[in-house]
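Here is my note, as numbered points. Please read it with the model open beside you.

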Amino acid sequence: MDIESMVPLDERSLLETAQANTGLSNFGDDDWREPFQILVDSIARESELNLMGRILSRSDLLLTLQARLQIEDTLKKHPEILEQEIRKPLFVIGQGRSGTSMLQDILSKDPDNGVLTNWEVYFPCPPPETASYHTDPRIQKAHHLATQVYRVTPEFEAMHAFGGDVPTENIELHCVSFKSPSFNVYGGQVPTYMAYLQQQDMVPVYEYEKRVLKLLQWKNPRKHWVFKSPYSLAHLSEILSVYPDVGFIWNHRDPVKALSSMVDLIGTLFWGRSDHPFRGNTLDMLTNADINAMLMSEPIELLESGRLPREQLCNIQFHEFISDPMAAIRTIYDYFSIELTKSAGEAIQSYIAQSPRASRPVHQYTTGAEGLVDDERKAYARYQQYFNVPNEL
């Protein structure tokens with residue numbers, strides 16, 4: 001069976017299909033083309049996608065191309081969108097599996113806070129409107145796409161929440177710039193693309209992200225945007241240059257414990273698209289303790305040098321957050337001098353009490369042999385000592 005011809009992932013097929021589906025041809029500035037070309041070449045030579053992987057990846061790539069076409073068309077027709085301002089956004093940062101998703105979910109229950117949801121990333125145009133924001137038919141369409149991972153790999157339901165109106169990471173929006181580590185999942189393992197990505201200036205990516213955020217809040221205002229992405233740890237300087245009034249919230253968790261959970265999660269994602277789910281070194285930034293520890297030490301250098309003002313970083317300990325989420329929320333609001341209104345506090349408290357995550361299956365994973373844990377503990381020593389992060393193992 002020739003799955004490559006059945007489900008084409010070449011540049012010409014993807015571009016022609018996206019243009020035909022939208023009736024549009026203007027992708028905006030050409031800075032996306034080189035990373036797109038490197039990506040599709042890397043997929044062809046390296047990804048080893050199975051049939052399901054090719055189907056899912058073609059769908060993902062077409063959604064991204066179509067979204068970019070529609071974004072550019074909307075901005076051309078309504079240049080006044082770019083007059084919007086993005087004020088004092090909050091970035092939830094930290095190692096993957098350290099409670100960042102849960103924290104963003106909770107913060108999203110304050111009506112003053114806006115988050116990126118899957119449906120807005122998949123279908124940003126026409127721009128969302130306040131009156132129909134929670135009933136837009138695109139939500140259900142996106143829900144079907146987002147939860148496809150559960151039908152392909154049911155085990156993933158215990159690891160992470162997906163849905164049409166579920167908050168998602170900034171790197172998903174970065175896909176429209178074609179400079180996003182998300183493509184290392186969407187396209188299978190693509191080491192050439194990932195090596196290229198790590199050499200790129202990410203400031204233009206965050207600048208384009210800001211353009212899209214203006215579009216998303218044009219008819220549905222957000223007082224504060226609340227973002228999250230573990231990869232943001234590598235880009236704090238770039239984020240500060242694009243959002244100088246940003247506030248960072250760093251969830252600190254035992255990195256050895258979090259690393260084990262991340263390895264299991266990423267391996268399961270790959271298994272759904274490839275018969276060779278774990279090979280190469282494309283995930284070292286998240287799954288290799290030595291490299292990950294270097295990444296988590298970079299903010300220390302920024303703090304010590306003053307390039308990251310300490311008043312723009314709020315540190316939250318995972319174990320304290322889990323034991324009393326509401327107290328952590330109050331700490332964050334106080335730290336950044338944000339008013340926690342009575343209605344927002346009640347909405348957040350109600351969400352915490354309902355505990356939607358309690359209904360999900362338990363994510364079970366191993367932490368590795370004792371010797372491996374000891375080596376990882378040494379790698380993370382500086383980070384744990386600097387931020388007083390306790391061991392869980």
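1. Start at tyrosine 243. Leaving aside neighbours within four places in sequence, its contacts are Ile86, Pro89, Phe91, Tyr206, Glu209, Lys210 and Leu213. Contact here means heavy atoms within 4.5 Å. Tyrosine 243 sits in the loop between helix 13 (236-242) and strand 4 (247-252). Tyrosine 243 counts as buried because its relative accessibility is 1%. Buried means under 20% relative accessible area, exposed over 50%, and partly exposed in between (1.4 Å probe, protein chains only).

2. A word on the basis. This is a predicted model: local features need pLDDT of at least 70, and side-chain atom pairs count only at pLDDT 80 or more, while totals for chains, interfaces and linings use all residues. Residues are numbered from 1 along each chain as its sequence is written, and side-chain values use heavy atoms, with hydrogens and water left out.

3. The overall picture. The protein has 21 helices and five strands. Both are DSSP runs numbered from the N terminus: helices are H or I with at least four residues, strands are E with at least two. Of the 393 residues, 56% count as buried. Among contacts with a separation of 6 or more, 79% join residues 24 or more positions apart.

4. Which residues have the most contacts inside the largest nonpolar core? They are Leu65, Phe91, Tyr243 and Phe248, in a core of 69 residues. Such a core is a set of buried Ala, Val, Leu, Ile, Met, Phe, Trp, Tyr and Cys residues joined through side-chain atoms within 4.5 Å. Phenylalanine 248 touches Phe91, Ile93, Leu236, Ile239, Leu240, Leu308, Gln312, Leu313, Cys314 and Phe336, not counting residues up to four places away in sequence. Apart from this core lies another, of 20 residues, including Leu103, Leu107, Ile249 and Ile348. In soluble globular proteins, nonpolar side chains tend to be buried together.

5. Helix 5 deserves a look. Seven of the eight residues of helix 5 (residues 100-107) are buried, so the helix is largely enclosed by the rest of the structure. The buried residues are Thr100, Ser101, Leu103, Gln104, Asp105, Ile106 and Leu107. Glutamine 104 belongs to this helix. Its relative accessible area is 1%, so glutamine 104 is buried. Beyond four places in sequence, glutamine 104 is in contact with Val115, Pro167, Thr168, Val226, Phe227 and Lys228.

6. On a 1 Å grid over the protein atoms alone, a cavity is a set of points where a 1.4 Å probe fits but cannot get out; lining residues have an atom within 4 Å of a point. Grid points are joined across faces, edges and corners, and a volume is the space filled by probe spheres set on the points. The second largest cavity holds about 60 Å³. Its lining is Asp31, Trp32, Arg68, Ser177, Lys179, Pro204, Val205 and Tyr208. Helix 12 (residues 203-217) gives the largest share of that lining, three residues. By class, the lining has four nonpolar, one polar and three charged residues. Ala, Val, Leu, Ile, Met, Phe, Trp, Tyr, Cys and Pro count as nonpolar, Asp, Glu, Lys and Arg as charged, and the others, Gly among them, as polar.

7. Cysteines. The structure holds zero disulfides, a disulfide being a pair of cysteine sulfur atoms within 2.5 Å. Cysteine 125 is buried, at 11% relative accessibility. Cysteine 314 is buried too, at 1%. A cis peptide bond joins cysteine 125 to proline 126, with omega about 0 degrees. Proline 126 lies in the loop between helix 6 and helix 7.

8. Backbone points to check. Glutamate 48 is not a glycine, yet its phi is positive, near 55 degrees. Glutamate 48 lies in the loop between helix 3 (33-46) and helix 4 (51-77) and is partly exposed, at 42% relative accessible area. Serine 337 has a positive phi of about 55 degrees. Serine 337 lies in the loop between helix 18 (325-335) and helix 19 (342-354) and is exposed, at 68%.

Technical notes: 1 Å grid on protein atoms, 1.4 Å probe; cavity = no way out; pocket = protein on both sides within 12 Å on 5 of 7 lines; lining within 4 Å.
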